[in-house]
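Hi,

Here is the structure I promised to pass on. Have a look at it first, and my notes follow below.

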Amino acid sequence: MGKAESFEQVLKESRVFKPSKEFSALAHVKSLAQYKKMYNESIKSPDKFWAKIAKELHWFKPWKKVSDWKEPFAKWFVGGQTNICYNCVDRHLPTWRRNKAAIVWEGEPGDSRVLTYNDLHREVCIFANTLKKLGLKKGDRVAVYMGMVPELAIAILACARIGVVHSVVFGGFSANALVERIHDCQAKAVITCDGGWRRGKIVELKAAVDEAVVKCPTIENVVVVQRTRNNVRMEPGRDHWYHELAASVDANCPAEPLDSEQGHFILYTSGSTGKPKGIYHTVGGYMVGTYLTSKLVFDLKDEDIYFCTADIGWVTGHSYIVYGPMANGATCVMYEGAPNHPEPDRFWRIIEKYRVTILYTAPTAIRAFIKWGEQWPQKHDLSSLRLLGSVGEPINPEAWIWYNNVIGKKKCPIVDTWWQTETGSIMISPLPGATPTKPGSATLPLPGILPECVNKETNKKMPPGEKGLLVVRKPWPSMLRGIWGDNERYKKVYWSTVKHSYFTGDGAHCDKDGYFWITGRVDDVIIVSGHNLGTAEVESALVSHPKVAESAVIGVPDEMTGQAVTAFVTLKDGNQPIESLKDELRAHVAKEIGALAKPKQIRFTASLPKTRSGKIMRRLLRDIASGKETVGDTTTLEDYSILAKLRTDDE
Ligand code: WT7
């Protein structure tokens, strides 16, 4: 076995899982052959393919040209006018769906609300009219800083209804992060809540807004939705209770016809350096991309109860709680709080209570469930589930198999969906009724999407099994239109690494079946004695040890080998962080990958520093491992106290 091959070994779960006949028979796409035919046609004639999909939605005015590509700037459905809010809400009203649940909401304290599409329409119209009353107009930017309450979905749909560009800032971010994002997009208003519920405590959202807004001269108005009823200060003239504004507007607010390329939203993602990037999306292309992918990847049917556990503060919540599923008229479960409140079975409780059929969550959550133990899901009836999804990072085969066995009871296909804030919608994923899955692989590109693994120097496609840079060769409708206010950075970050291609920042290889295996960000690569090691590979090896819950692996400078592997490891409950276990883990990694990948240093820790979307912040771990004080942007860090703990743990 060659070296490159042995390194890949651990990501290569050799089992293949075929969709069941019963699932395929009822699916939108029923076979691999049907997928391939659709895919080939979409690549041969992309404009024809996308036009056909777009016509399933409502346009006030038809487009003149499907796509217009002046590298690196794309336009889609040029000259067309539509409205994504209209397509998510109004489009369903003349049908029986007007009385169908659009949002099934569960509050953390146990309260719940159900909004039908008709209810949603009314609420969105009222919200849009309050925004208009405050003087907000098409093209203005509004920051949205809320907890996971129905009004968050209502607020962004209301913005979309009148062409106001929303910039949702995750409710767990600090006041400083909010200031930075408001400054960058020059938002005129903030929509917030008095507070939000998280693990039984109130997150003081309005207080953070107060702190932020004094530093933001562009902010004219603050709209406050009442949720937790904690005491908040209301600045006269600037701050308004939403329910008071709403009482004096009418419930009639037609959706505005908007140019397809009108701004839709900005969402900030952290770059590898300090300043977050304002990823900018527009109306028409984003709408078509999220609509199609929701339908095909989640195989959405009118009978489904679909539960995506992401926060709307992340792109997953934008695209797959609100816009994509609602454009399909789906019933979406939305949960306000933490997965372990009041006990570690909250998701399973929700699935049982609402008879959820589709669950979309993240590997980091799955590993937490593994850590908490099987007894929690086993207490509940999960038999309503028919499909499982994963997003956010490579899912290690260990977690995949657990998800499949313990949650899916071996009868639910798993869709491992690869995409990014920048791509707007899912790019690489199985179609659940068509694609045989391999644990750890996001499998094949979706129709209309042309990704490739390439060699950076030659710009040529890598042979099967050899790792390269993951790029996308053709523009697609839901792609970002730029970084807000910074075209140069947009060109540099995405369009300068590989000629005429969108560079994703990820490394990947394709196997002989054309399946994509994403190995993580290329800046997460460790070079030990001249050999590339993906951090994900070593992490996957560590997690395959029965005592390990989660791990994060980084490279630290090393005299002998250039870089050496340092591993931060959290253990499953009931295991002791003893010295002999370190040797056991080293031997395990050596066995799984090879001696070269053996961590030189292992540190046990109670938890890992993560962004709110669950990504491990390796940059911070590198600083800790090298004894440096933490520098740069930490606004996306989930739990600041972890940092202090990591420094003292194991020293
Ligand atoms: C990065 C994008 C996409 C919504 C949530 C994250 C990693 C995401 C997968 C997957 C392997 C994945 C990539 C990507 N990633 N999904 N299924 N398999 N890696 O959005 O914060 O923009 O992050 O997340 O590295 O580039 P994001």
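How many aromatic pairs does the count come to? In this predicted model, the answer is 34 aromatic pairs. Phe-49 counts as buried because its relative accessibility is 11%, under the 20% cut-off. Trp-50 is buried too, at 4%.

Another pair to look at is Tyr-490 with Trp-495: the ring centres are 6.5 Å apart and the planes are at 65°, so this pair is edge-to-face. Tyr-490 and Trp-495 are both buried. They also belong to a cluster linked by ring pairs, together with Trp-69, Phe-73, Trp-476, Tyr-494 and Tyr-502.

Away from ring pairs, check Lys-438: its charged end sits over the ring of Tyr-515, 4.3 Å from the ring centre.

Now the ligand. It is surrounded by 17 residues, and the closest are Asp-416, Thr-417, Gln-420, Thr-421 and Arg-521. By class, the shell holds six nonpolar, five polar and six charged residues. At least two shell residues come from each of α12 (315-327), β20 (414-417) and β25 (516-521).

Gln-420 places a polar side-chain atom 2.8 Å from a ligand oxygen, and an N or O atom in the Thr-421 side chain lies 2.6 Å from an oxygen atom of the ligand. The ligand taken alone exposes 550 Å², and the protein buries 91% of that.

Cheers

Definitions and conventions:
Residues are numbered from 1 along each chain as its sequence is written. This is a predicted model: local features need pLDDT of at least 70, side-chain atom pairs count only at pLDDT 80 or more; totals for chains, interfaces and linings use all residues. Side-chain values use heavy atoms; hydrogens and water are left out. Rings of Phe, Tyr and Trp (its six-membered ring) pair if their centres lie within 6.5 Å; planes under 30 degrees apart count as stacked, over 60 as edge-to-face and the rest as tilted. Buried means under 20% relative accessible area, exposed over 50%, partly exposed in between (1.4 Å probe, protein chains only). A charge sits over a ring if NZ of Lys or CZ of Arg is within 6 Å of the ring centre and within 35 degrees of the ring normal. A residue is near a molecule or strand if one of its heavy atoms lies within 4 Å of it. A polar contact is a pair of N or O atoms within 3.5 Å; within protein, one must be able to donate a hydrogen and the other to accept it, and residues adjacent in sequence count only if both atoms are side-chain atoms. Accessible areas come from the Shrake-Rupley method with a 1.4 Å probe; for residues, only the protein chains shown count as cover. Helices (H or I, at least four residues) and strands (E, at least two) are DSSP runs, numbered from the N terminus. Ala, Val, Leu, Ile, Met, Phe, Trp, Tyr, Cys and Pro count as nonpolar, Asp, Glu, Lys and Arg as charged, and the others, Gly among them, as polar.
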